[in-house]
Amino acid sequence: MASSVKERLRQNRAAHLEELTAFLKIPSISSISEHKDDIRAAAEWLKQAFLNAKMEKVEIIETKKHPIVYAEWLGAEPEAKTILIYGHYDVQPVDPLHLWETEPFEPTVRDGKLYARGASDDKGQVFMHLKAVQTMLEVEGTLPFNVKFLIEGEEEIGSPNLDEFVANDKERLAADVLLISDTTMLEPGKPAICSGLRGIAALEVRVRGAKSDLHSGLYGGAVQNALHALVQLLASMRDENGKITIDGFYEGIEIPSAEEMESIKSLGSGEEALKEELGVNELFGEKGYTARERTWIRPTLELNGVYGGFQGEGVKTVIPAEATAKITCRLVPGQDPIDILEKIEAHIQAHTPPGVTVATERHDTGKPFVAPVTDPVFAACARAYEEVYKTEVAYTRMGGSIPVVETFDSQLHIPIVLMGFGLPSENFHAPNEHFHLENFDKGMETIVAFWNQYANS
């Protein structure tokens, strides 16, 4: 990387953080309808930021829900490569608010970390690419590659409208490589290229008993309690060892190669450090697998929320008429999200306790993805990481999901490089989300180094 670009990034660090702070202040929560105007404001902010970065074409593309922001600079030499960069500007809800040490949309720097919802997932990482491009154009006047940005506002709700856009607009998105920074490094100081993501299947379960809440003294023992029925139903989905008991849940799972399994083992279990980080005295999961294997190459079924009955202070002696649970499954290659949802619904029908009815509502779905890392672009990425971080890069999978990645893979047929700068401990989707500023600084240098490596390869 040209030293002048690196120096300009360092000179502008304070200004860049000020701009990122303005971006993070926008509560662009895609899942809550009252934030629709905030989503629009974030899209408009990005549009102006791309215009300030001297992109040749910038537009907001409407969808059935939240808009896409598209930008491009195609001024490179005719034989130059084209890099497509994907990210998202929407963020997760902030609940429970009382666990935040500072306001989630009032960015705060503490101990070398920037705290705010979206700081790591994914506004901070999107912003790094934007400023890296802008800095290269300011210093060098041109780029050795063409660049396109596709930044959506629906990733946190499963990208319901992006599949259609990608399928219908493949010419606009034509590129030589797709670059995504929405994943994590292995640990502090240890960069990682992510070669796989788990898919997702989500649904809501609603149990209904009597026509209204009942007095527990007058009716207790004579009617089914919706909460008890829900707990019984949920308990039937997993055994005491963490194995999922849904019929056919594990059918068709693709086992990673012996070489990849050995690579995962070579990274060590990291389990003692994980327990300390999480503040637990014991880890839990499917027997026969390490914590990394459970989160990278095995599927899950998790309860994300269970509620019903009286939630206020003190006691209210009622038999709840309704109870609800939210469930998400993380899926691995060989599993299809619709098939998994059908199997869960069949399990619910077969295990519904007497005295209640159960209804389900499907939510996010996304297929798993695994990248072949033999393409030369991955070697260029590794060299860039190693140039800046001064250590060997790790090849990992990630337990999370980016549903549209599999769509990009099937529709665009180009290498997809998952080049993240977050850390697993940064509380994305949780209170006190933050981004280590060391990786904000080194990340932009690494991005520019990779672009130069790739453009000249």
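I started with Leu-84 and found that this residue stands opposite Lys-148 in β6. Strands here are DSSP runs of E, at least two residues long, numbered from the N terminus. The model is a predicted one, where local features need pLDDT of at least 70, side-chain atom pairs count only at pLDDT 80 or more, and totals for chains, interfaces and linings use all residues. Residues are numbered from 1 along each chain as its sequence is written, and side-chain values use heavy atoms, with hydrogens and water left out.

Next I looked up the partners of β3. Strand β6 (residues 146-152) runs parallel to β3, and 7 bridges join the two. Strands pair if DSSP finds at least two bridges between them. On to β7 (residues 177-180): that strand is also parallel to β3, with 4 bridges. There I noted Ile-83 opposite Val-177.

Then I asked myself: is β3 mostly covered or open? Mostly covered, since I got 7 of 7 residues buried for residues 82-88. Buried means under 20% relative accessible area, with a 1.4 Å probe and protein chains only. I checked both faces too: Thr-82, Leu-84, Tyr-86 and His-88 are buried on one side, and Ile-83, Ile-85 and Gly-87 on the other.

Last stop, Thr-82, which lies in β3. Thr-82 counts as buried because its relative accessible area is 11%. Its side chain makes a polar contact with the side chain of Asn-146 at 3.5 Å. For that I needed a pair of N or O atoms within 3.5 Å, one able to donate a hydrogen and the other to accept it. Leaving out residues up to four places away in sequence, Thr-82 touches several others, including Ala-174, Asp-176 and Val-177; contact means heavy atoms within 4.5 Å.

Notes
Buried < 20%, exposed > 50% of the residue type's maximum accessible area, 1.4 Å probe, protein only.
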